[in-house]
Amino acid sequence: MSVALQASPALVLNADFRPLSYFPLSLWSWQEAVKAVLTDRVNIVAEYSTEIHSPSFTMQLPSVISLKDYVKPAHTPAFTRFNVFLRDKLTCQYCGDYFPAHQLTFDHVIPRRQGGRTTWENIVASCSPCNSKKGGLTPKEAHMPLLRTPRAPDSWELQEAGRAFPPNFLHESWADFLYWDAELHQ
């Protein structure tokens with residue numbers, strides 16, 4: 001299989017031309033995109049210069065596709081470790097330093113041994129040194145104030161947070177759709 005094909009994902013937009021997700025960016029493999037085109041589930045918005053062929057068919061690979069049917073985003077995001085990190089903008093809520101997701105842990109603000117629960121309102125992103133330093137204490141007991149009080153985000157907030165972390169690969173044909181509501185520069 002060609003390296004060019006493997007490096008040719010399609011940006012997936014909802015029917016309103018907004019990305020389904022910013023982080024992770026809503027991408028489909030070229031195979032998924034072609035199948036969706038052939039089953040008439042999507043519109044092709046932009047294409048790569050790469051063509052694919054079968055004995056009776058030739059088409060350019062889609063680089064941007066939009067769903068024909070609108071998918072309503074969930075209002076309440078799933079409570080996951082990664083969504084906590086995204087809500088906290090990949091920043092330790094004690095020292096304020098940025099970390100890649102794989103270097104973060106989550107911390108119970110009120111420790112479980114003191115009755116703390118695993119909820120949006122009691123979990124924050126923490127680097128390992130701060131998590132170890134805080135241990136089984138509350139932030140007040142550990143003299144480690146939080147940057148922000150944790151709370152449950154809505155899906156829009158997580159999408160906005162995700163926009164701050166662009167992926168490693170961005171094709172030029174995607175630019176008009178990834179920052180659709182950004183202020184235009186003259």
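Which residues is Thr91 in contact with, leaving aside its neighbours within four places in sequence? I started my notebook there, bearing in mind that this is a predicted model.

**Thr91.** I found Thr91 in the loop between helix H3 (81–87) and strand S5 (104–108). Beyond its sequence neighbours within four places, Thr91 is in contact with Gly96, Asp97, Tyr98, Leu104, Ala125 and Leu147. I then checked its burial: the relative accessibility is 14%, so Thr91 counts as buried, the cut-off being under 20%. A polar atom of the Thr91 side chain lies 2.9 Å from the backbone oxygen of Lys89. I also looked up Pro150, which is 59 residues from Thr91 along the chain; their C-alpha atoms are separated by 13 Å.

**The sheet.** Next I traced an open sheet of four strands, with mixed pairing and the order S2-S1-S4-S3. S1 and S2 run antiparallel and are joined by two bridges; here I saw Leu11 opposite Leu27 in S2. Helix H2 packs on this sheet and touches S1, S2, S3 and S4, with its direction at about 95 degrees to that of S4.

**The cores.** My last stop was the largest nonpolar core, which has 24 residues; Leu11, Trp28, Val42, Val64, Ile65 and Trp174 touch the most other members. Strand S1 (10–13), helix H2 (30–38), strand S3 (42–54), strand S4 (57–67) and helix H7 (175–178) each give two or more residues to this core. Apart from it I noted another core, of 20 residues, including Val84, Leu104, Cys127 and Cys130. Leu104 was already in my notes, as a contact of Thr91.

Conventions:
Residues numbered from 1 in each chain as written. Predicted model: local features only at pLDDT ≥ 70, side-chain atom pairs only at ≥ 80, totals over all residues. Heavy atoms only, no water. Core = buried A, V, L, I, M, F, W, Y, C linked by side-chain atoms within 4.5 Å. Buried < 20%, exposed > 50% of the residue type's maximum accessible area, 1.4 Å probe, protein only. Pairing = 2+ DSSP bridges. Contact = heavy atoms within 4.5 Å. Axes fitted to C-alpha atoms, helices over the stretch in contact; angles between N-to-C directions. Polar contact = N/O pair within 3.5 Å; in protein donor to acceptor, adjacent residues only side chain to side chain.
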